[in-house]
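User: I'm new to reading protein structures. Could you walk me through this one, feature by feature?

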Amino acid sequence: MMFSGYDLGLVEPENYSQVREEPPSENSTDAKSFVEFESVLELKYGKNLPYLLLIPVMWFFLPAKPKTDVKQYMFESE
């Protein structure tokens, strides 16, 4: 990623419109307001990510057993 341009915070307020319309010459004081940013972005996943993706597959193939509890009440009538 890259960005370059003139930082208006470094330009005198009366020169804003002039810098917006046309880049300043190299010898002017407004030429010092030129800024440039470069960055490199790298995305890598960790070694545990494949194992985390395995959990939903296990839920599908190894579902929980249904409950077979028989509820017993304290006062049963015969």
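User: Let's start with burial. What share of the 78 residues in the protein chain is buried?

Analyst: Keep in mind that this is a predicted model. A residue counts as buried when its relative accessible area is under 20%. Here, buried residues make up 9% of the 78 residues in the protein chain. As for the surface, the chain exposes about 8,300 Å², and carbon and sulfur atoms supply 58% of that.

User: Okay, and how many helices and strands does the protein chain have?

Analyst: There are two helices and two strands. Go along the sequence and you get the pattern β-α-β-α.

User: Can you show me a buried residue? Where is Ser-33 found?

Analyst: Ser-33 is in the loop between helix H1 (16–21) and strand S2 (34–38). Its relative accessibility is 1%, so Ser-33 counts as buried. Now check who is around it. Setting aside neighbours within four places in sequence, Ser-33 is in contact with Gly-5, Tyr-6, Asp-7, Leu-10 and Val-11. The side chain of Ser-33 also reaches the backbone oxygen of Asp-30, at 2.6 Å.

User: Which side chain makes a polar contact with the side chain of Asp-30?

Analyst: That's Asn-15, at 3.0 Å. Asn-15 sits in the loop between S1 and H1. With a relative accessible area of 18%, Asn-15 is buried too, because the cut-off is under 20%.

User: Next, aromatic rings. How many aromatic pairs does the structure hold, and what describes a pair?

Analyst: You describe a pair of aromatic rings by the distance of the centres and the angle of the planes. This structure holds three aromatic pairs. Take Phe-3 and Phe-37: their ring centres are 6.4 Å apart and the planes are at 20°, so this pair is stacked. Phe-3 lies in strand S1 (residues 2–6) and Phe-37 in strand S2, so the pair ties together parts 34 residues apart in sequence. Phe-37 has a relative accessible area of 52%, so Phe-37 is exposed.

User: And are the rings of Tyr-6 and Phe-34 stacked or edge-to-face?

Analyst: Edge-to-face: the centres of Tyr-6 and Phe-34 are 5.3 Å apart, with the planes at 65°. This pair also links distant parts of the chain, with Tyr-6 in strand S1 and Phe-34 in strand S2, 28 residues apart. Both residues are partly exposed: Tyr-6 has a relative accessible area of 30%, and Phe-34 has 39%.

Note on methods. Residues numbered from 1 in each chain as written. Predicted model: local features only at pLDDT ≥ 70, side-chain atom pairs only at ≥ 80, totals over all residues. Heavy atoms only, no water. Helix = DSSP H or I, 4+ residues; strand = E, 2+ residues; numbered from the N terminus. Buried < 20%, exposed > 50% of the residue type's maximum accessible area, 1.4 Å probe, protein only. Polar contact = N/O pair within 3.5 Å; in protein donor to acceptor, adjacent residues only side chain to side chain. Contact = heavy atoms within 4.5 Å. Phe/Tyr/Trp six-rings, centres within 6.5 Å; stacked < 30°, edge-to-face > 60°. Areas by Shrake-Rupley, 256 points an atom, 1.4 Å probe, with all protein chains shown as cover.
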